[in-house]
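Thank you all for coming; I would like to walk through one model this morning, with the sequence and the coordinates on the screen.

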Amino acid sequence: MAISRKLFKPVSLLLLIYIVVAVPPRVEAAITCSTVLNSLIPCLSYVVKGGKVPPTCCRGIKSLYGIAKSKADRQGICSCLKIAASSVSGINFKNAAALPGKCGVKNIPFKISPKADCSKVR
């Protein structure tokens, strides 16, 4: 039995939420994966389909950028994004990479990728 496309995206989102809540970040950081997920859920449609970036997505990116004060915070966010990037199918990583610039945030110290090396984030 095939899963319909309408059902697939909610199932992917639920899987992502489960993974982010169930898997603790590898780095001791004040920013949790739940915080990262809640901030970036509005970006999901853009990273999958493209189009116009929702203003709520940019607010989430700017918020995370603003609270990531320490190396541990940035590595924790990177780890959460790496988990998310590995868990949700259909992500267009070119769209994901363009998000910070489209939202006016520069100097993000890592790429959103399942292959990101978060230990090198400073």
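Let me begin with a question: which backbone oxygen does the side chain of Asn95 reach? The side chain of Asn95 reaches the backbone oxygen of Tyr46, at 3.2 Å, where a polar contact means a pair of N or O atoms within 3.5 Å, one able to donate a hydrogen and the other to accept it within protein, with residues adjacent in sequence counting only if both atoms are side-chain atoms.

Before I go on, a word on the source: this is a predicted model, in which local features need pLDDT of at least 70 and side-chain atom pairs count only at pLDDT 80 or more, whereas totals for chains, interfaces and linings use all residues. Residues are numbered from 1 along each chain as its sequence is written, and side-chain values use heavy atoms, with hydrogens and water left out.

Asn95 is found in helix H6, helices here being DSSP runs of H or I with at least four residues, numbered from the N terminus. At 14% relative accessibility Asn95 counts as buried, the term meaning under 20% relative accessible area, with exposed meaning over 50% and partly exposed in between, for a 1.4 Å probe and protein chains only. Leaving aside neighbours within four places in sequence, Asn95 is in contact, that is, has heavy atoms within 4.5 Å, with Tyr46, Val47, Lys49 and Gly50.

Turning to H6 as a whole, which spans residues 93–102, its buried residues are Asn95, Ala96, Leu99 and Pro100. Seen down the helix axis, these fall within an arc of 145°, so they line one face of H6, the arc being that of the directions from the axis to the C-beta atoms. The face turned away from that buried side carries the exposed residues Lys94, Ala97 and Lys102, while the cover over the buried residues includes helix H3 (44–49) and helix H4 (55–67). At the N-terminal end, Asn92 caps H6, with a side-chain oxygen 2.9 Å from the backbone nitrogen of Lys94; H6 is followed by Gly104, whose phi is positive, near 80°.

In the segment after H6 we also find Asn107, which has a positive phi of about 65° although it is not a glycine. Most residues other than glycine have a negative phi. Asn107 is exposed, with a relative accessible area of 68%.

Ala116 also has its place in the segment after H6, but at 9% relative accessibility Ala116 counts as buried. Ala116 and Lys82 are 34 residues apart in sequence and yet 6.4 Å apart in space, C-alpha to C-alpha.

What, then, of helix H2 (residues 33–40) and helix H5 (residues 71–87)? Their axes, lines fitted to C-alpha atoms over the stretch in contact, with angles running from 0 to 180 degrees between N-to-C directions, come within 9 Å and cross at roughly 65°. Cys33, Val36 and Leu40 in H2 meet Ile77, Cys80 and Leu81 in H5, and the residues of this contact divide into 6 nonpolar, no polar and no charged.

Finally, Gly60, found in helix H4, counts as buried at 7% relative accessibility. Leaving out residues up to four places away in sequence, Gly60 touches Ser39 and Leu40.

Technical notes. Helix = DSSP H or I, 4+ residues; strand = E, 2+ residues; numbered from the N terminus. Nonpolar A, V, L, I, M, F, W, Y, C, P; charged D, E, K, R; others polar.
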